[in-house]
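Here are my notes on the model, point by point. Please read them with the structure open.

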Amino acid sequence: MTQSRLSELFPGLPPDQVHVWRVSLDQNPDRISESNEILSADERDRAARFHFAKDRNQFIEARAALRLLLSRYLELSPRELTFSFGSHGKPALAQELSNNLRFNLSRRHGLALVAFASNREIGVDVELVRNDLALFEAAENFFSATESAAWRSLPADLQVRGFYNCWTRKEAYIKARGEGLSFPLRQFDVSLAPGEPARLIEVRGDTSEADRWTLHELPVNEGYVGALAIEGAGVEVICTDWPIAAVSEARA
C-alpha cells in the first residue's frame, strides 16, 4: 500500500459525514508482531491477559487498526496517541489531541468496525450471526416488551436476522450515549424487522431523545450484522475496507 494510495482513502472528515472502516482480523503471524509494536504498554498488557491466542491476536489487530486510522485523521504517529475514558468506560482521545474527532470500535470473531465522526457522538456494533443461541431467552431478558412482541411476530425464517438487528442497534445506541449497560436496555425501542429502516423509535422518560439520534444498518461481511448510532441527522455514512497491509508503514 503506497503513501499516495493511503492518501486517496483519507479525503478528510467533514461534519456531515461519518466514516466506518471494516477491518478484517486475519491473524497473519507477521502482522500480529508488527501490530503489537504500535500499541501502548497498557494495551500490550491487556492483550497478554487474553487466555486464547485467537482472542489476543484479534484484540491486537483491532487496536492497531484503530491507532493507524486515528493517526491518519490527526496526522500524528500512531504511537503518539493517548486516550481518556468516560465514567462508564467509553474511550476518547485525550483532550489535547481530540480536534473534535469522535470514534468507536466494535469487534467480533474476525471482523472489526471502526467509526469516526466530527463533533458528534457515535456508537457502532458488529455481531457474528449464530444459530445456536437461545434467542427466545435472550430476547426475553434484553428486549423491551414492544421489541419482543415485534420480534416474535416475524416469520420464523426472519427471526434470527431480526434478533441481531435489534441487538446491534441497541448496543450501538448505548455505546453512543457512553453509558454502556448502565442504561436499561428495556427503556427504549428500536426497529428490528429485516428490510425495515433502522430507527430509534422511543426512549421512555425523554420524549425528545429519539429525534436526537439516527440509526443505520451497516453493510458488513456475510454472516455478520452491524449497526451505527449517530448523534443528529442528515449525515452521509461512508463504509470502506481498511487496507490492513498499511500496518507495515507505521513501523517506519
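1. Start with L66. Setting aside neighbours within four places in sequence, L66 is in contact with F103, L105, V114 and F116. Contact here means heavy atoms within 4.5 Å. L66 lies in helix α4, residues 53–74. Helices (H or I, at least four residues) and strands (E, at least two) are DSSP runs, numbered from the N terminus. L66 counts as buried, at 1% relative accessibility. The classes are buried under 20% relative accessible area, exposed over 50% and partly exposed in between, with a 1.4 Å probe and protein chains only. The C-alpha atoms of L66 and L39 are separated by 10.0 Å, and the two residues are 27 apart along the chain.

2. A word on the basis. This is a predicted model: local features need pLDDT of at least 70, side-chain atom pairs count only at pLDDT 80 or more, and totals for chains, interfaces and linings use all residues. Residues are numbered from 1 along each chain as its sequence is written, and side-chain values use heavy atoms, with hydrogens and water left out.

3. How many aromatic pairs are there? The count comes to 14. Rings of Phe, Tyr and Trp (its six-membered ring) pair if their centres lie within 6.5 Å; planes under 30 degrees apart are stacked, over 60 edge-to-face and the rest tilted. Take F142 and W167: the ring centres are 5.3 Å apart and the planes stand at 70 degrees, so the pair is edge-to-face. F142 lies in helix α5 (residues 135–142) and W167 in helix α7 (residues 159–177), so this pair ties together parts 25 residues apart in sequence. F142 is partly exposed, at 36% relative accessibility. W167 is buried, at 18%.

4. Next, W151 and F163. Their ring centres are 6.2 Å apart with planes at 65 degrees, so this pair is edge-to-face. The pair links distant parts of the chain, 12 residues apart: W151 is in helix α6 (residues 145–152) and F163 in helix α7. W151 is buried, with a relative accessible area of 0%. F163 is buried too, at 5%. W151 and F163 belong to one aromatic cluster with F136, F143 and Y164.

5. Check the charges over rings. The rule asks for NZ of Lys or CZ of Arg within 6 Å of the ring centre and within 35 degrees of the ring normal. K170 lies over the face of F188, at 3.9 Å from the ring centre. R177 lies over the face of F183, at 3.9 Å from the ring centre.

6. Now the helix packing. The axes of α5 and α6 come within 8 Å and cross at roughly 155 degrees. Axes are lines fitted to C-alpha atoms, for helices over the stretch in contact, with angles from 0 to 180 degrees between N-to-C directions. That makes α5 roughly antiparallel to α6 (under 35 degrees is roughly parallel, over 145 roughly antiparallel, 65 to 115 roughly perpendicular, the rest oblique). L135, F136, A139 and E140 of α5 meet S148, W151 and R152 of α6.

7. Last, Q187. Where is Q187 found? Q187 sits in the loop between α7 and β7 (188–190). Q187 is partly exposed, with a relative accessible area of 27%. Beyond neighbours within four places in sequence, Q187 is in contact with E202, V203 and R204.
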